[in-house]
Amino acid sequence: MDHKLRILVRLDIDRNSAVLAVTGCLTTESYRALLPVIRRANALVDGVAVIVDLRNAIHVDAAAAEALNDSIRLEHHHHELGAVTLQLPDMYPACGLLASLPPVPRLIAAS
Ligand SMILES: [Zn+2]
């Protein structure tokens, strides 16, 4: 199966925030590719607020969302990352590749 991670990076004109809009599939494999993009967005401008928006992703694995959340918090804790906000859908969608599976409710709180 080919779950593609698609990310659109939007930097505010005033450079206060960078939004990483994920529209593809976030899986336990693909979320790792998101981490360097978050680090690079964070390094673009000093003090920029990075927002990772997963609300329009076509597929979000619950385990991947939790692993991403854990990684962001760990790197923030070690001062390797600034403020990162994770915007999650209320229900994790499963893409057409997994059409037989129902959406999974979100367990972790939105930050
Ligand atoms: Zn998928």
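Me: Which residues are exposed on the other side of H1?

Reply: Helices are DSSP runs of H or I with at least four residues, strands are runs of E with at least two, and both are numbered from the N terminus. Exposed means over 50% relative accessible area, buried means under 20%, and partly exposed lies in between (1.4 Å probe, protein chains only). On that side of H1, the exposed residues are Arg32, Arg40 and Ala43.

Me: What kind of model is this, and from which number are residues counted?

Reply: It is a predicted model: local features need pLDDT of at least 70, side-chain atom pairs count only at pLDDT 80 or more, and totals for chains, interfaces and linings use all residues. Side-chain values use heavy atoms, with hydrogens and water left out, and residues along each chain, as its sequence is written, are numbered from 1.

Me: Within what arc do the buried residues of H1 fall?

Reply: The buried residues of H1 are Tyr31, Leu34, Leu35, Ile38, Ala41 and Asn42. Look down the axis of H1: these buried residues line one face of the helix, because they fall within an arc of 130°. The arc is taken from the directions running from the helix axis to the C-beta atoms. Residues three or four places apart point the same way, because an α-helix has 3.6 residues a turn; for the buried residues of H1, the arc is 130°.

Me: How far apart are the end C-alpha atoms of H1?

Reply: The expected span of a helix is 1.5 Å times one less than its number of residues. H1 (residues 31–44) has 14 residues, so it should span 20 Å. The end C-alpha atoms agree with that, lying apart by 20 Å.

Me: Within what arc do the buried residues of H2 fall?

Reply: H2 (residues 62–77) has 16 residues and reaches 22 Å from its first C-alpha to its last. Its buried residues are Ala64, Ala65, Leu68, Asn69, Ser71, Ile72 and Glu75. Seen down the axis, they line one face of H2, because they fall within an arc of 165°.

Me: Which residues are exposed on the other side of H2?

Reply: Among the buried residues of H2 are Leu68 and Ile72. The exposed residues on the other side of H2 are Asp70, Leu74 and His77.

Me: What arrangement do the four donor atoms make around the zinc ion?

Reply: Donors are N, O and S atoms within 2.8 Å of the metal (3.2 Å for Na, K and Ca); water is not among the atoms, so sites may look incomplete. Here the protein donors are His3 (ND1), Cys25 (SG), His59 (ND1) and Cys95 (SG), 2.0 to 2.3 Å from the zinc ion. Four donors count as tetrahedral if all angles lie between 85 and 135 degrees; four count as square planar and six as octahedral if opposite donors are over 155 degrees apart and all others between 65 and 115; anything else is irregular. The angles are 98 to 115°, so the arrangement is tetrahedral.

Me: How are the donor residues of the zinc ion spaced in sequence, and how far apart in sequence are the parts tied by His3 and His59?

Reply: The spacing of the donor residues is H-x21-C-x33-H-x35-C. His3 sits in the segment before strand S1 (7–11) and His59 in strand S5 (residues 59–60), so the parts tied together by this pair are apart in sequence by 56 residues.

Me: How many disulfides are there?

Reply: A disulfide is a pair of cysteine sulfur atoms within 2.5 Å. Cys25 is buried at 2% relative accessible area, and Cys95 is buried at 5%. By the distance rule, the number of disulfides is zero.

Me: Which residue in S6 is the bridge partner of Val52?

Reply: Two strands pair if DSSP finds at least two bridges between them. S4 (residues 49–53) has four of its five residues buried, so it is largely enclosed by the rest of the structure. S4 runs parallel to S2 (residues 17–22), with five bridges, and pairs in the parallel sense with S6 (residues 84–87) over four. In S6, the bridge partner of Val52 is Leu86.

Me: Is His79 buried or exposed?

Reply: His79 lies in the loop between H2 and S6. Its phi is positive, about 60°, although His79 is not a glycine. At 72% relative accessibility, His79 is exposed.
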